[in-house]
Amino acid sequence: MSVRRSAIVLAAGLTAAVLWVAHPGAPPAEAQNTGGGECQLQGVANLSPPLTTTSGGFAYNFTGNLSSCQSNVAGAPTTGTVSAGVQLPETVTLRNISTGGTTTGTVLYQEPIPQGSGSCGSSTTAGESLAAWGDGKNTVVDYSTTGALAAVQLQGTVVASMTLTLVASSVPAGFTAPSTFSIVTDEPAFPVGEQSLALLTFSPTTPDQNCVTTGVSSANINGAVGIGSAS
């Protein structure tokens with residue numbers, strides 16, 4: 001895939017968390033040429049249950065940083081953070097159950113949790129990621145990944161919004177909060193419908209993790225991601 005109008009990187013990568021092979025010393029794969037701007041992604045993914053040599057289903061979450069961003073789109077952000085499957089604090093209107101009065105407060109909302117299937121040898125995943133840019137804007141990407149060994153390729157599409165669900169335990173006693181919270185794509189450099197592409201590598205966060213004995217439950221994610229109009 002090439003990028004006709006490059007923007008920077010986008011948030012996906014997250015899913016590189018899917019595949020780790022018993023070759024932690026292998027050299028990282030080079031980012032696929034996107035024909036335009038890109039950002040570097042560094043983050044950590046947590047997998048449950050851990051990946052082993054036996055194929056099966058798993059879920060994961062991811063948080064990371066986007067840096068060294070370059071773009072040919074005027075005004076595009078140069079830094080950001082990215083997440084998938086985590087809980088975010090949001091300020092909303094709370095209703096007092098006894099009096100019916102309202103106030104504002106901060107509670108937690110759960111991002112959609114990415115799901116995958118596979119083992120340390122090969123895997124596929126799908127999910128939604130949220131890029132929170134340094135200019136205060138957001139980009140939501142619906143993505144899927146395929147992986148083998150230490151490399152994972154991600155393809156995604158910028159979508160209009162992400163719907164998060166309330167973490168009930170975070171609501172103060174005696175109050176109710178909205179059951180969902182929406183975050184919209186509002187970064188003008190990355191409009192809805194543009195494509196995201198990433199080639200990522202990952203390695204276990206601790207040397208004791210391996211596919212044969214303990215499994216891999218936490219992995220470092222590194223690589224480059226690009227986003228733009230596919231030609």
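Which cysteine forms a disulfide with Cys39, and how far apart are their sulfur atoms? In this predicted model, the partner of Cys39 is Cys69, and the two sulfur atoms are 1.8 Å apart.

## Overall pattern

A disulfide is a covalent bond that joins the sulfur atoms of two cysteines.

## The link between Cys39 and Cys69

The link of Cys39 and Cys69 is right-handed, with 130° about the S-S bond. Cys39 belongs to strand β2 (residues 38-51) and Cys69 to strand β3 (residues 56-70), so this pair ties together parts that lie 30 residues apart in sequence.

Cys39 counts as buried because its relative accessibility is 0%, and Cys69, with a relative accessible area of 11%, is buried as well.

## The link between Cys120 and Cys211

The other disulfide joins Cys120 to Cys211, with an S to S distance of 1.9 Å, and this link is left-handed, with -100° about the S-S bond. The pair connects distant parts of the chain, 91 residues apart: Cys120 is in the loop between β7 (115-118) and β8 (122-133), while Cys211 is in the loop between β14 (195-204) and β15 (216-230).

Are these two cysteines buried or exposed? Cys120 has a relative accessible area of 5% and is therefore buried, and Cys211 is likewise buried, with a value of 4%.

How values were computed
Residues are numbered from 1 along each chain as its sequence is written. This is a predicted model: local features need pLDDT of at least 70, side-chain atom pairs count only at pLDDT 80 or more; totals for chains, interfaces and linings use all residues. Side-chain values use heavy atoms; hydrogens and water are left out. A disulfide is a pair of cysteine sulfur atoms within 2.5 Å. Helices (H or I, at least four residues) and strands (E, at least two) are DSSP runs, numbered from the N terminus. Buried means under 20% relative accessible area, exposed over 50%, partly exposed in between (1.4 Å probe, protein chains only).
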